[in-house]
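Biologist: I would like to go through this model feature by feature. Please give the general idea each time, and then the case at hand.

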Amino acid sequence: MPPKQIRPKSLADYLDVLSRIAFEAGLSGRVVEAKWDDIRRAFHGFEPERVARMTPRAVDKLVEDERMIRSRSKIEATIANAETMLELDDEHKSFKRYLRSHGDFESTVKDLRKRFKFIGDNGAYRFLWIVGEQVPSYHEWAESRRMTAGRLARPRRRS
């Protein structure tokens, strides 16, 4: 079942989706889902300006909070991603314009992976799909990455 798509109304919507994908890296989606409301509150509704101003002391508090997924690296990545998102929004006059400034899907994915933390190839595809950007069909995308049934295909043996 594909994730629900949204129409982002603000930068907070983009940061929410991006952060959820980052927190899900290496974890069960159910674990993240169970804690997401508390995570959203802890990150001020993912308002990028507020998240970007979070201090090391605030990070320490979140790492100790049992309602959170207590991964310091993911918490710090969320703050860094908020900073990056604000910079790109300012530079391109909107984050949506930034996403559409690359010319094609592959260039957009490459740039997302370079700029944002805890966002890999699959995460970038999911992010773009959820926020309503144009992406290839999942089948085409998976084939282009030599994936089958959600798993990496085994490399072909050379004869």
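**Reading the model**

Modeller: Phenylalanine 46 is buried, with a relative accessible area of 0%. Buried means under 20% relative accessible area, exposed over 50% and partly exposed in between, with a 1.4 Å probe and protein chains only. Phenylalanine 46 sits in the loop between helix 2 and helix 3. Helices here are DSSP runs of H or I with at least four residues, strands are runs of E with at least two, and both are numbered from the N terminus.

Biologist: What conventions apply to the whole model?

Modeller: This is a predicted model, in which local features need pLDDT of at least 70 and side-chain atom pairs count only at pLDDT 80 or more, while totals for chains, interfaces and linings use all residues. Residues are numbered from 1 along each chain as its sequence is written, and side-chain values use heavy atoms, with hydrogens and water left out.

Biologist: What is the mean pLDDT of the protein chain?

Modeller: pLDDT is the predictor's confidence in each residue, from 0 to 100. The chain has a mean of 92, and 92% of its residues reach 70 or more. Over residues 152-159 the pLDDT is below 50, and this stretch has nine contacts in the model beyond near neighbours in sequence. A contact means heavy atoms within 4.5 Å. Where pLDDT is low, the predicted coordinates should not be read in detail.

Biologist: Which residues have the most contacts inside the largest nonpolar core?

Modeller: In soluble globular proteins, nonpolar side chains tend to be buried together. A nonpolar core is a set of buried Ala, Val, Leu, Ile, Met, Phe, Trp, Tyr and Cys residues joined through side-chain atoms within 4.5 Å. The largest one here has 44 residues, and Phe43, Phe95, Leu99, Phe116 and Phe127 have the most contacts inside it. Helix 1 (residues 11-24) supplies the largest share of this core, eight residues. Leaving out residues up to four places away in sequence, phenylalanine 95 touches Leu11, Tyr14, Met85, Leu88, Asp89, Phe116 and Phe127.

Biologist: How many aromatic pairs are found in the whole structure?

Modeller: A pair of aromatic rings is described by the distance of the centres and the angle of the planes. Rings of Phe, Tyr and Trp (its six-membered ring) pair if their centres lie within 6.5 Å; planes under 30 degrees apart count as stacked, over 60 as edge-to-face and the rest as tilted. The search finds 13 pairs. In one of them, the rings of tyrosine 14 and phenylalanine 127 have centres 6.3 Å apart and planes at 50°, so the pair is tilted. Tyrosine 14 lies in helix 1 and phenylalanine 127 in helix 8 (residues 121-130), so the pair ties together parts that are 113 residues apart in sequence. Both of these residues are buried. For phenylalanine 23 and tryptophan 36, the ring centres are 6.1 Å apart and the planes are at 70°, so this pair is edge-to-face. Phenylalanine 23 is in helix 1 and tryptophan 36 in helix 2 (residues 29-42), 13 residues apart.

Biologist: Which residues of helix 4 are buried?

Modeller: An α-helix has 3.6 residues a turn, so residues three or four places apart point the same way. In helix 4 the buried residues are Val59, Leu62 and Val63. Seen down the helix axis, they fall within an arc of 100°, so they line one face of helix 4; the arc is that of the directions from the axis to the C-beta atoms. On the other side, Arg57, Lys61 and Glu64 are exposed. The buried residues of helix 4 pack against helix 2 and helix 5.

Biologist: Is glutamate 24 buried or exposed?

Modeller: Glutamate 24, in helix 1, is buried, with a relative accessible area of 15%. Its side chain makes a polar contact with the side chain of arginine 126 (3.0 Å). A polar contact is a pair of N or O atoms within 3.5 Å; within protein, one must be able to donate a hydrogen and the other to accept it, and residues adjacent in sequence count only if both atoms are side-chain atoms.
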